[in-house]
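Let's walk through this one together, going from a single side chain out to the strands around it. Have the sequence and the model open side by side.

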Amino acid sequence: MAVKNKLLLAQTGPKMKKVILAGILGALVSASASADTLYFAYKGFYDAYNGVLKPDESLTGHFVANDLNNDGAYSKNELVSLKIGRLNLGNVCESYSDGYFISYCVKAFSYSASEGLTIDAYHNVSVEHNAHYNSVKTGEFYEYRWHGYESGHITRWTWTPETKFVTSTSPVPEPASIAMLGLGLGTLMLARRRRR
């Protein structure tokens with residue numbers, strides 16, 4: 001198709017080239033616009049590894065999906081991609097090894113405004129002296145484990161009855177982003193005052 005488009009553009013005048021390019025861009029935009037993106041955040045967890053309640057700890061993410069049957073809900077077969085915490089996956093399950101081992105899968109996914117979000121997914125990577133294990137089962141746990149040659153890190157959060165869930169069609173701002181926005185607005189106001 002790209003070759004046909006190039007040949008068509010080479011055989012047309014400047015005005016027609018603009019029309020054809022606009023049509024191609026419009027088709028690309030409408031194809032990407034058919035997928036919906038929903039941002040979400042969970043707040044308030046029990047830190048199972050350290051044995052403490054963390055009411056301000058947040059787990060954020062987003063998913064891209066196509067509502068193929070127009071029912072206002074999303075199922076696993078409509079999922080395009082998913083990011084939650086350190087997990088960043090497409091809607092595939094694969095595992096392979098070649099001196100290392102990689103395995104990842106979205107085992108379950110669904111979302112509706114009435115039922116909420118259900119995710120069961122993992123991504124594991126293991127090489128000679130380094131291993132990363134990352135998994136989530138919403139409503140139950142989020143876990144990230146990293147083990148190096150002489151060090152490691154474990155995050156294991158479990159849901160509590162107080163864990164809150166929010167969704168948005170735009171990214172949930174991180175505290176650092178809010179601070180940067182405030183700094184930018186403050187700078188603009190200061191510059192405006194100096195002009196007067």
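Start at E143, which counts as buried at 14% relative accessibility (buried is under 20% relative accessible area, exposed is over 50%, and partly exposed is in between, using a 1.4 Å probe and protein chains only). Keep in mind that this is a predicted model, where local features need pLDDT of at least 70, side-chain atom pairs count only at pLDDT 80 or more, and totals for chains, interfaces and linings use all residues. Residues are numbered from 1 along each chain as its sequence is written, and side-chain values use heavy atoms, with hydrogens and water left out.

So what does E143 pair up with? Its side chain meets that of R156 in a salt bridge, 3.2 Å from N to O (a salt bridge being a side-chain nitrogen of Lys or Arg within 4 Å of a carboxyl oxygen of Asp or Glu). E143 lies in strand β10 and R156 in strand β11, so this pair ties together parts that are 13 residues apart in sequence.

Now look at the strands (DSSP runs of E with at least two residues, numbered from the N terminus). β10 covers residues 141-147 and pairs with β9, residues 130-137, in the antiparallel sense over seven bridges; pairing takes at least two bridges found by DSSP between two strands. Here S135 stands opposite E143. β9 and β10 form a hairpin with three residues between them, and G139 in the turn has a positive phi of about 90°. β10 also pairs with β11, residues 152-158, again antiparallel over seven bridges, and that hairpin has four residues between its strands. Across it, R145 stands opposite I154.

The whole structure has five salt bridges. Another of them joins K107 and D120, at 3.9 Å from N to O. K107 sits in strand β7 and D120 in strand β8, 13 residues apart. K107 is partly exposed at 48%, whereas D120 is buried at 16%.

Finally, there is one disulfide (a pair of cysteine sulfur atoms within 2.5 Å). It joins C93 to C105, S to S 1.8 Å, linking strand β6 to strand β7. C93 is partly exposed at 46%, while C105 is buried at 8%.
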